[in-house]
Amino acid sequence: MQAFIYPVVTAIVIALIAALMLALAAKFMSVPVNETQVKIREQLPGANCGACGFAGCDDYAAALAEEGSTVKTNLCVPGADAAAAAIASILGQDAMDVIEQVANVRCSGLCDSTKPEMDYQGIKTCAAAKSMFGGPGSCKFGCIGFGDCERACPYGAIEVCNGLAKVNREICVGCGICAATCPQKIIDIIPDVKRVFVACSSADKGAVTNKLCSAGCIGCKLCEKACKFDAIHVEDNHAKIDIEKCKNCGLCAKACPKKVIHVYPKPNVKPMVKVG
Amino acid sequence: MAERHTNLIVASAPHVVSPANTASIMRDVLIALIPALAVSVYVFGIRALMLSVCCVVFCVFFEWLSRRIMKRSNTIGDLSAAVTGLILAFNLPVRLPFWMAAVGCLIAIVVVKQLFGGLGQNFANPAIVGRITLFIGFASPMANWTITSRMSQAILSAAEVDATTGATPLALSAAGLPVPTNMEMFLGLINGSMGEISAAALLLGGIYLIVRKVISPAIPVSFLATVAVLSLVFGLDPIFQLCAGGVMLGAIFMATDYVTSPITTTGRIIFGIGCGVFTMLIRVYASYPEGVSFAILLMNILTPHIDRLTRHKTFKPAEGGASK
Amino acid sequence: MKKTKLQILTNGIIRENPVLVLVLGTCPTLAISTQAINGLGMGVSVLVVLTCSNIMISALKRIIPDTVRIPCYIVVIASFVTMVQLALKAYLPSLDKALGVYIPLIVVNCIILGRAEAFASKNSVIDSMLDGIGMGIGYTLTATVMACIRELLGSGTIFGHTVTAGTITPFTIMVMAPGGFFVFGCLIALVNKLTKGKAREKQQNKCLGCPGAAFCSQKVEEGGAEE
Amino acid sequence: MGFSKHLNGVHVNHSKNTAGLPIIPMPAPEKVYIPMSQHIGAPCTPVVKVGDAVKTGQIIGDSDARTSAPIHSSVSGTVEAITQGMTQAGKIDTIVVIKSDGKRELADTVVPPEINSFEEFVAAVRASGVVGLGGAGFPMGTKFNIKPGTVEYLIINGAECEPYITVDHAAMLEFTRDIIDGIRATMKWLQIPKCYIGIEGNKPDAIAKFNELLKGDESIKVHELRQIYPQGAERVIIYETTGRIVSYGMIPWNAGCIVANVTSMLKMSHYLKTGLPLVSKYITVDGDIVVHPQNVLVPIGTPIADVIDFCGGLKEEPGKIILGGPMMGRATPSDEYSVCKSNSAILCFSKAFSNQRKETACINCGRCVAACPMSLMPARISRAFKDKDVEALKELDVLYCMDCGSCAYVCPARKPLNFEFRQAKAMVMEASKK
Amino acid sequence: MSAATVFYIVLSAIITNNYVLSKFLGICPFLGVSKKLDSAMGMSIAVIFVMVIATAVTWPIQTYLLTPNGIGYMQTIIFILVIAALVQMIEIFLKKYIPGLHKSLGIYLPLITTNCAILGVCVLNIDNGYGFLQSMLNSFGSGVGFLLAMFLFAGVRSKIETNDYPEAFKGVASTLVAASITSLCFLGFSGMLEKIFGM
């Protein structure tokens, strides 16, 4: 009988002592933690992309937990509606939809549509190349094509093909890291619902652009005439679309002689035209 | 208007570069190893040459193969694999079966170097790890020393007394037997790993490397000096300790491997001293007779820390000096 | 998505192999895999403990209060470990001697605690048992394979039977510490290759490589450590 | 760090092929293309219109900004166009195109200035259009616009440590007297007690000539610099002559010094004597494929192609054309760019010579660490740059890199180290802005 | 106990019988927390701390409670209970009274409960038949040995962390190969301490 009692009693006594001490310790030495913040942080994807405007996910969670109602719950673009809803429910607020954003490259100059101006033998990044006479291409406004954006994208949504960055709109969450990285500043972050874009940023005069790139906007203003909503205008020698006014009709794209206005298919429909 | 020149090369300054490149440095190391190779062929016979060629060929082959499998650029042209192969060969006893040497090459090139991304990214010297692995893995073949008629009388007579003592001078010394004279040690008329026997030939190579500015004297000098000083401290003959075993080969060719040694001169001196201290500690106290390779490996592992602590101080005014 | 019983059972063998994919229980695997028999013995011991503790914890999951669940799990596991230890001592004393301290250390083998926390505390008794058996087989296979490789290369034998010894000089370093790390690394690389990198994502993305993964309240990342 | 210790550097092959050759003036080209930003600071706005007739030395661009220098027409003729275009500085800039009438008539404004006060001196220096002609392009007028008496040392940079370039050397031999006059004027108006003329030891004739003319003048001393690149870098020459340390975030004035290039001093001196502003530049034309390597006096704005033609053209299709020295100069994409104030050389190299950089892996040899004059750790900075580790870059003091290129010169792996560091600096600046 | 014995026990636990590199105890944190030197050192110091305290508690329990009552087999259960409670206690204590230390060590404490090196050292002290003082020395030495291994390996990892590994070897696999090479150099010291201290 003793063979059973000793181990059981010892184990119980030691366990009790340990439990008691821990319970006492927990009671007298506790330090409060902000659990809301931890919970919110768990809902965020942890990409630390900064699309919310805070310095990383932790920061955003802290701001939400501490300032509550003053910080919007729908700022996390990568986490999309799911994260927004989860955060809202943690904070006991109504869920808000995230305005889905997507990146768009304002250039269509593929390797065969434009020519290099020099034999660039430096570091193969766009930022470095830009510091050398504005990049190896003869057009100084377009995509340099060394893929700084591709390396920066945490989602693998942007890729350089044939010398031009292309965004995969299915994967892109619109976090804006590529736009911040691009030394040419030709990547825009725009609401996903907008589907008509001018894929050129050249500020060269039409004649110059025409000489340098077969896929460049020459500022002919045919699109301006085609647009029924006064949404497209030529500024800085290339067409620009006013996002507020654009109704996605695509008439400008039909009118464009250089085919630099692209129309993306509606979301959730298989893409018909690939970017660029 | 003149004839136009367009589409020129645009690259960043400087537009001129020093003549030394990786391949030329490695070539210099290979040249510096020739005297030691010659001595080992003289002492051990033609098999020394065969084993060396075998190691070089295997190393280059493994380098080529692994780069190919990883679908990366071919790097055998930088000659670093050939250098590894030759140095590894120098660390082997001349009778070692060729397949064992090949295992060493496999470990050195594939495991230690290419698995970590290739030249410049390994943290331990490939030849050293190759040697240690063989040394521990194939303990008896790696201690199977050969006696030839060109060796010192002390070794020949020791072999006659006891057939099992095909031993190195260090083993003789440990066993309390008479050891070769210092001159014989210096010239290399002894047995041991095939490339490390002749201190004279290795020194010649070392001087060549220093003159060609391939290596800085910091590591060899501090390493050898530490060994000498510690020998005196332990009451041993410093010349014997310097010429015996792998100290010369290690100090001149293995500890000075750029990739695995510190980058600053101060760091290199600390590295050399560390190598010397551990070498002597292992020689005197541990169960292995020779500690050079363990010492260098340990210092290789410590190199990141040494580098961290011996950083150059940037040229700037002392704290609180005039600033904007 | 609900997994079928078969999936639960086979999950642990390759796709979520506890050692090679989740990188749990590395210490005993490395330490005992010098001989195939030890690997097998260790594997079976873990299998038994894992299955029993999974069943027990799953059965008790409603009774155990949430706040003290970890100590409770540990006690349950420790009890089974002690039983296995006593059984080995009685019936296989040579194996017990060979495995030595690593038998009591099964208690802190993260596989067991990890499965208790991640699976058994949330699933039915039957599922938990299957999970335990599957994971246990995964562990046993890995430990045995690794031990076979090391024994073959390092001593030229497998399960003590001479294979190459005598014809090829054994590469003794394989049964020493460096050989253990190396073979383990190569096996993980092999699994990475077979799963086309999916295994690596698992190794990196969660803190599965650390022993406290199951119940670590503060993420280690905060302190700068990762994996 | 004691004064006795020298800064690191690299031994570069001097290749001073044109040393001892006289400076040959080049006739006005058909057209000159004068960019409006040839200096550090605010770009000038054109003050002429298309169709205007201009004369040599007439101001065609000016700015009100404190840090700026006026730009003068280098030829006489008519303004043909004012366009936007890429300049040799790699930026898009306003360019005034002047069609030369071939006469190079001087403007009426070219009369020696009258100087009676510090203010008038500074105004004259500014009006001369002289900028840091060694390559930096900092306006002299701004540099000298300090409180008189606050500077202890005037340092004249005659190191000319870049290989190939010999124009400073030629100018020092030819116009020694003018340079000394310029120095004396500067010392007088800025109340500087002491002047060092730093000349690298490979120009003993220039050192001898200065010593001879300065006999008995204790305030101006010639300092023979070691023959090691980069002795001419501002921070290095200040340290080597005075032992003072100027580093990132400081200007020489913080250390009580003013540094001026020897040619800048000469051009300023010429302006004070004749009133002719900076309209032409001494240029070394050299390189393995130039038919007649020589030193030329080139009107500013002359296309590179014209200068090369003047020197007999090229023996073969060039691989690289470099503006400036081979250590810090810029390779241009084409020879359509024009010469500007801060150029001192045009070097043309064959394709074979240019294609010598094939990057391999860093082998940690430590040559870059031994070479860096700023005692940085280039190999580690390069690694941190590769890892995009901004914290480490900052900690490794990448901002103190002065882009001298010593590290990249010695690198056996042919890594473009200093180019990487330029990117790294941009990364650090970007991060600290946030 | 002579000074030589003291040094022998401590040094052999540090070098020749290094817990991590020759006994494979505490591999998880060795691989997991060695990426940065700071965290590696924090973890190691926490381990030394807990090891010594755990030994101080478990040794008397075994010697005075379990063995005399013939329930030595309860060792595993009791030890792990005690260690778990101890770690928790230490954490709560540090959090309250030495928040600075808690900030630097605290995050490692929960990981230590299941660090097999802790339980291992407690069990091995008993298995080896060490007395109390010897056990304490052995625990301390083992902790320092852990620290040494972490220190060396943190350096190695800082150097190789961002290498371009072959695809399959990225991550844990390459870390293990690096550990393999690191453990190699410890073999060189075998027999050294026995010779020095004449054991």
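This is a predicted model: local features need pLDDT of at least 70, side-chain atom pairs count only at pLDDT 80 or more; totals for chains, interfaces and linings use all residues.
I'll start with chain D. Chain D contains 14 helices and 17 strands. Along the principal axes, the C-alpha atoms of chain D fill a box of roughly 60 × 50 × 50 Å. How much of chain D counts as buried? The figure is 57% of the 434 residues. As for contacts within chain D, take those between residues at least 6 apart in sequence: 72% of them join residues at least 24 apart.

Next, two helices in chain C. Helix α3 of chain C covers residues 36–60, helix α7 of chain C covers residues 125–155, and their axes come within 8 Å. The axes cross at roughly 165°. Angles over 145 degrees count as roughly antiparallel, so α3(C) is roughly antiparallel to α7(C). The crossing of α3(C) past α7(C) is right-handed. Sorted by class, the residues in this contact are 19 nonpolar, eleven polar and two charged.

Last, the contact between chains E and A. Chain E contributes 15 residues and chain A contributes 13 residues. Which element of chain E gives the largest share of the side that touches chain A? That is helix α4 of chain E, residues 75–97, with eleven residues. By class, the side of chain E that touches chain A has eleven nonpolar residues, two polar and two charged.

That's the end of my part.

Key:
Residues are numbered from 1 along each chain as its sequence is written. Chains are lettered from A and ligands numbered from 1 in the order in which they are written. Two residues are in contact if their C-beta atoms, placed from the backbone, lie within 7 Å. Helices (H or I, at least four residues) and strands (E, at least two) are DSSP runs, numbered from the N terminus. Ala, Val, Leu, Ile, Met, Phe, Trp, Tyr, Cys and Pro count as nonpolar, Asp, Glu, Lys and Arg as charged, and the others, Gly among them, as polar. A residue is buried if 20 or more other C-beta atoms lie within 10 Å of its own, exposed if 12 or fewer, and partly exposed in between; C-beta atoms are placed from the backbone. Axes are lines fitted to C-alpha atoms, for helices over the stretch in contact, and angles run from 0 to 180 degrees between N-to-C directions. Angles under 35 degrees count as roughly parallel, over 145 as roughly antiparallel, 65 to 115 as roughly perpendicular and the rest as oblique. A crossing is left-handed if the near helix is turned anticlockwise from the far one by less than a right angle, and right-handed if clockwise.
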